Amino acid sequence: MASKPKKQPAKQPAQKGRAALKWLGGLFLLSTLAGGGTGFFAWYSYTKPGPLPVATDVVVPHGGYASTISALQQAQVLPSGWFTDKLFVTAISLTRKSGQLHAAELHFPQHASMQNVLFILRHGKPVLHKLTIPEGLSARQIQAVIASAPFLEGEAPLPAEGSTLPQTYNYLRNSQRADIVKRAQNAMQTALDTVWQKHDPALDGTISSPQVLLVLASLIEKETALPAERPMVARVFLNRLQKGMKLQTDPTVIYAITHGNPPLGRALTHSDLATPDPYNTYAVTGLPPGPICSPGMSSLEAAAHPASGDALFFVANGNGGHNFSTTLAEHNRNVSAFRQRNTN
């Protein structure tokens with residue numbers, strides 16, 4: 001009967017042992033050059049908590065080891081001094097098989113040791129900054145948001161009205177503002193295509209294309225901030241369109257006056273409502289020729305999947321929502337109730 005082969009000893013501990021000896025040998029030479037002591041002191045200096053008082057992001061520049069070390073010392077990530085310089089360069093050399101150092105904006109935790117710092121320089125992910133485009137902003141407002149975002153470069157172009165999707169975008173330091181605009185436009189096109197592919201077929205007689213759906217969604221976005229109400233607002237607009245009634249929505253009048261460069265700064269007047277303009281839905285029948293803002297996904301979905309019902313009117317209820325009605329008489333009662341609440 002053949003004897004069982006003897007189990008071979010694991011290689012990992014031996015490899016770790018050789019790596020440690022290599023470390024100690026290299027660091028012993030360094031510590032001797034520094035004026036005595038042993039490699040154990042150098043190892044302690046390499047692994048002990050560093051001087052960084054709070055977690056911070058640091059831009060590690062392109063260049064040699066000297067520029068990297070200088071940037072880290074100026075940010076208090078590494079201690080200053082000749083010994084640190086030599087120790088860190090030696091550590092880079094002894095661990096070169098672990099990978100190249102990267103120039104980027106990197107996040108360093110509080111009191112990161114030299115060992116941790118070196119790992120981050122090789123394997124840390126660049127810092128991502130965030131830019132949020134809120135729902136319902138006009139193209140000019142979105143341009144201003146992107147123009148004022150920190151750590152971006154270049155001019156922010158003015159996007160076409162309604163062409164950018166409101167959401168949060170991540171970006172690297174020194175990214176181009178024009179690239180952020182393009183990303184937001186691509187995101188809107190993708191969202192609009194996806195919503196249109198699944199839209200309610202009953203809309204086909206009224207909403208003829210994704211662009212028309214976008215226009216409707218922009219009106220819904222400006223009329224209510226409550227996602228639960230948006231399908232009902234969509235239904236009111238669709239019912240009025242199907243009956244040939246004017247939409248008579250105030251945000252279109254405001255857009256006709258400001259051209260998307262708010263605020264209006266005053267209440268609408270009867271003269272405003274009567275002023276002819278393609279965007280004034282009190283003066284013209286049907287949807288305006290283009291969107292009046294960038295709607296979010298909730299409004300796009302509401303336009304594609306409206307609620308059912310015969311409602312033709314809605315008015316604010318004074319509590320952040322709206323009262324919906326099917327007859328003018330009922331609507332007038334709701335308007336009177338709203339005005340009475342506002343005067344009390």
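1. Does Phe314 count as buried or exposed? Phe314 has 15% relative accessibility and therefore counts as buried, where buried means under 20% relative accessible area, exposed over 50% and partly exposed in between, with a 1.4 Å probe and protein chains only.

2. Please keep in mind that this is a predicted model, in which local features need pLDDT of at least 70 and side-chain atom pairs count only at pLDDT 80 or more, while totals for chains, interfaces and linings use all residues. Residues are numbered from 1 along each chain as its sequence is written, and side-chain values use heavy atoms, with hydrogens and water left out.

3. The search of the whole structure finds 5 aromatic pairs, a pair being rings of Phe, Tyr and Trp (its six-membered ring) with centres within 6.5 Å, stacked if the planes are under 30 degrees apart, edge-to-face if over 60 and tilted for the rest. The Phe237 and Phe314 rings are edge-to-face, because their centres are 5.9 Å apart and their planes stand at 70°.

4. Phe237, at 1% relative accessibility, also counts as buried.

5. The rings of Phe314 and Phe324, with centres 5.7 Å apart and planes at 45°, form a tilted pair. Phe324 counts as partly exposed, at 21% relative accessibility.

6. Taken together, Phe237, Phe314 and Phe324 form one aromatic cluster.
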